[in-house]
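Have a look at it yourself first, and then follow along with my entries.

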Amino acid sequence: MTVQTRRQFLAASAGLVIGVALPIRARAQSGAAAALGDGTLAEGSFAPNAFVRVAPDNTITVFCKHIEFGQGPYTGLATLVAEEMDADWSQMRVEAAPADDELYKNLAFGIQGTGGSTAMANSWMQMRQAGAAARAMLVAAAAERWGSDAATLTVSAGTVSDGSNSATFGELAEAAAAQDVPVEPAVKNPSEFTLIGTDRPKVDSRSKSDGTAMFTMDVYRDGMETVVVRRPRVIGATVASFDDAAALEVPGVTAVRQIPQGVAVYATSTAAALKGREALSVEWDYTDAETRSSEEIFAAFSEAARSPGLEAEKVGDSAGAIAAAETVHEAEFLFPFLAHAPLEPLDAVLELKDGKAEIWMGAQFPGADKGAVTQVLGLEPADVTMNVMLAGGSFGRRAQPTAHIGVEIASIAKAAGRDGAWKLVWTREDDLTGAYYRPITVHRMRGGIAADGSIVGWEDRVVNQSIMAGTPFDQGGADPTSFEGSTNMPYALPNLTVDWVKQELPVAPLWWRSVGHTHTAYATEVFLDELLEKAGKDPVQGRLDLLKDEAGRDRAVLERVAEMAGWDGTKVRGDRAYGVALHESFQSYVAQIVEISDAGGLPRVHKVWCAIDCGIAVNPNVIRAQIEGGIGYGLGTALYNELTLGEGGEVQQLNFDTYRMLRINEMPEVEVAIIDSDADPTGVGEPGTPPIAPAVANAWRALTGSSPRRLPFARAGV
Amino acid sequence: MATFTVNGKDVTLEVPDDTPLLWALRDDLRLTGTKFGCGIAQCGACTVMVDGMPRRSCVTPIGTLDGASVETIEGIEGPEVEAVQAAWVGIDVPQCGWCQSGQVMSAVGLLRMNPAPTDEDIDNAMAGNVCRCATYVRIRQAIHDAADMLEG
Amino acid sequence: MKKWLMIAALAATPALAQDAELRAVGDFDDIEGEEVRSVALFEEMLKVIEHPRCLNCHPVNGGPTQGDDMTPHMPPVVRGDADFGAPGMFCTTCHGTQNVAFVTGDGSIPGHEPWALAPVSMGWQGLSGAEICAQLKDPERNGDRDLAELHEHMAEDGLVGWGWHPGDGRTPVPGTQEAFGEIVQAWIDTGAACPG
């Protein structure tokens, strides 16, 4: 398996040529037919490749290789296909592609996967070519039928015409299936786009407004049991012993089994399973557990920040420059463990029958989870089917290189020791205590300002765990996801050192919406803002003056957001204060300005202006939605969220009463501007999140004199 | 054993009285539009109507529902429901969608009592419904849009 | 490698500063002077009145508080025109007719029929004992109750009585409602004097 890191992919993407891997003859009904099984293609359907199916009823189904959990790939990828086919939007349908690491690989990863805000970027040419191929074959079929020259035919709203004859795609589907598949079909020039670049309604809004959308937890199979697992409150603890007598007396509980993840309670209903779990008595073995408190971990990280780490970026001589500086500024920023807390807790359904397994789950790496089930149950890969379901949020949580949910549901089936069907349900308590957190991170920053106010030295030492270590994405050496954003800043700093001190903990880390940028944007943009303030400079103009010549896209979003907010250098106006932040992530450039006030010791954010450059805006409607949501997600977290380990390592936040979600009364007004661009599209799921916390912290400093050195703002919870 | 109606149909369930309505709806009646998010009435994903008023089904034992009328996202009807769902679709409120059945229920509950809510009214009625995707900007707008439709 | 075992500790309910017990009426017999005795009885009543179980739903203006540390109610709720929440999210959106234990973990959501805030006029939070005492006796502010009706409210009202049976995860008010009723009666019988 060849695996590229996101970074490698992005570095190479400018010259990347993505072909649609197609067999030469379409009669093979390539891709979809192979992946979906012969039985799923309706008679007379046309499946030119693994991504598009045209049915005689004139519907076009796009098989989306990316999981849909709100970030919009169903709509976005369908838009690309519809654009190149010249289809009518109303005839488009979308289904989840099944798990297939070859056919449906993320071209950025080399395996099927969703993450790193890559869905649109890696699908951009692939889906357009898939649509263009389908269009060419439909046109060829029409030309054959009418004896016309294919080059003279026109296609509009899903209908092919030669001036005197016309036929819908549906009418041409069967004949199109017999046409040659163009290997590298020509795609449109962007000036010809009619769908791309306009607001598209989302294909899943109706089913998500009337309760009909089907998620993993909504799957029920005949004879299915619900399983909940008693897990340790101390991360890494294992079962020493347990007493299941009381649990087994609960009506509906059918079995209790020890599995690697804890003690599983099997029941005929969710309520019975939960009641059975409450009745369990478990003793834990803490040998391999993290028994330190988060305060102890922070202290150890701060200590580790005193010694140099692996060099991540170096320009000039920062130590010398800071030593010679007129003013030296230092800061240490502390970032807590964070849980993703998708609103649909983790879950999975597995049915095992006669040596074949079928799985339903919202997996971001479906091949990994399918592989885990195959391995744990000792099955042949061909006997395992994975249905990728809609997921009720993820924010990175379901992107599991460890496939721990696949392992867990398979372990449940294995421990049952029989054929059957099981639904694994995590409760919110399981979710918050279940690790895979955004890792605790410490940034130790030093900066030097010369007498003329210029920033002459910059040092940023990052201390945290490696997310990539031990995963297929591990490249060895420094893990860029630990410090991405601290490196490659858009600012021209003549003397700069960024280094990384790797820490190892028994608490599994994971990418959390925007990964390393969750903390690097805060540390760099707050610290820079403080340096500019000490140098007597305006936060907007000061940044613009510092931008490298090649940072034109950063410059454009910053200038645009300043214009939107009417920025005139006023940081405090009455009881309102204003702050700015600029941060690129996933090759999208985002600047935000916030308006806040002091609501009883916490910032109340009234308004956020945001400018983004994410290349060609495929669907501005979805981009605005992702920015709105990304801001809300980042704001709630900055204000309220920390997962803390108490004495002995016990996780202290069990549910939303102590791990508080942002609510509607706290949501600011959000105004989004999308920069016109002809660059290939880049991510929008994550880049809206990083700038909000530093922008708020900078406004807070304008109002109160200081920005928090440790997040969240509400340290004591609520 | 409690007897009540769900979406207009009589229901008698052979499950313990302390079973939360949420799980009875999902596991026993296979009405899966009502969602589980926290289990402690903090997120609102499980909101249904009980006797016409929004109610968190995760903390409602079915034993307390004798004679009650329960409506879920699958069965709820009326002009407010149509307006809210049309407004939701109209500006693409949902992202992941997990919370939205509950959001729709609460919005309908609000509009039935207050056909022209202010932003503050919306905040007060909807603050119990968490949206982890933070679709709140659009939820607020969609409720105003629905109110306009109902008036128009 | 050192191997050690630990039994997972249940979250303990924080102990309150107040005495856990309510003194019996007879304990006040020794106090000389009826008014002094009456004031002492009222101060005993304050162990109940000023308990978070009672104060949380006797705010002086906006919405309720919760917990022994009396933090703002979460989710955020407002009083509303009927002391019953906002249209669309009344108290009964979450609070049922009885306490309901959570099925996913420890704790419970409180409930009772009815379940509502005390009116603004009966707000207690932040008031001194003397101020609460004056308010309790003022028909303009106490719901037009005379002392006998006040006793009935304190000694027999179901929602008041909930304070002694607040459900898993909440500290009950001290004593019993019956014992509290006796103290209230003794306070009334001794002239219902207020602290100075």
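**Entry 1: the domains of chain B**

I began with chain B, where the domain assignment gives domain 1 (3-71) and domain 2 (79-151); such bounds come from an automatic or database domain assignment. Before going on I noted that this is a predicted model, in which local features need pLDDT of at least 70 and side-chain atom pairs count only at pLDDT 80 or more, while totals for chains, interfaces and linings use all residues. I also noted that residues are numbered from 1 along each chain as its sequence is written, that chains are lettered from A and ligands numbered from 1 in the order in which they are written, and that side-chain values use heavy atoms, with hydrogens and water left out.

How far apart do the C-alpha centres of the two domains of chain B lie? I find 21 Å between the centres of domain 1 and domain 2 of chain B. Taking contact as heavy atoms within 4.5 Å, I see 16 residues of domain 1 of chain B touching 13 residues of domain 2 of chain B.

I then looked up the buried area, which is the accessible area (1.4 Å probe) that two parts lose on being put together, summed over both. For domain 1 and domain 2 of chain B this is about 1,100 Å², with 56% of it on carbon and sulfur atoms. I looked for salt bridges (a side-chain nitrogen of Lys or Arg within 4 Å of a carboxyl oxygen of Asp or Glu), and the count across this interface of chain B is zero. For polar contacts I used pairs of N or O atoms within 3.5 Å; within protein, one must be able to donate a hydrogen and the other to accept it, and residues adjacent in sequence count only if both atoms are side-chain atoms. By that rule five residue pairs are in polar contact between domain 1 and domain 2 of chain B (both residues at pLDDT 80 or more).

**Entry 2: chain A against chain B**

Next I turned to the interface of the two chains. Here 60 residues of chain A are in contact with 47 residues of chain B. The area buried between chain A and chain B is about 4,400 Å², 57% of it on carbon and sulfur atoms. On the chain A side, A:Y220, A:L343 and A:I664 lose the most area to chain B, together 19% of what that side buries.

How many salt bridges link chain A and chain B? I count four. One of them pairs A:D218 with B:R26, whose closest N and O atoms are 2.9 Å apart. I also get 28 residue pairs in polar contact across the interface of chain A and chain B (both at pLDDT 80 or more). Two or more residues of the chain A side come from each of α7 (270-278), α12 (428-433) and α16 (620-640) of chain A. The largest share, nine residues, belongs to α16(A).

**Entry 3: inside chain A**

The domain assignment of chain A gives domain 1 (6-192), domain 2 (216-287 + 346-425) and domain 3 (294-338 + 436-704). Between domain 1 and domain 2 of chain A about 1,100 Å² is buried, and carbon and sulfur atoms give 65% of it. A:I67, A:F69 and A:A99 supply 49% of the area that domain 1 of chain A buries against domain 2 of chain A, more than any other three residues.

I picked out A:E278 with A:R230, the closest N and O atoms being 3.4 Å apart. A:E278 lies in helix α7 of chain A and A:R230 in strand β7 (residues 225-230) of chain A, so this pair ties together parts 48 residues apart in sequence.

**Entry 4: a disulfide in chain C**

Using cysteine sulfur atoms within 2.5 Å as the rule for a disulfide, I get one over all chains. The disulfide joins C:C133 to C:C194, with S to S at 1.9 Å. The link of C:C133 and C:C194 is left-handed, with -80 degrees about the S-S bond.

Notes
Helix = DSSP H or I, 4+ residues; strand = E, 2+ residues; numbered from the N terminus.
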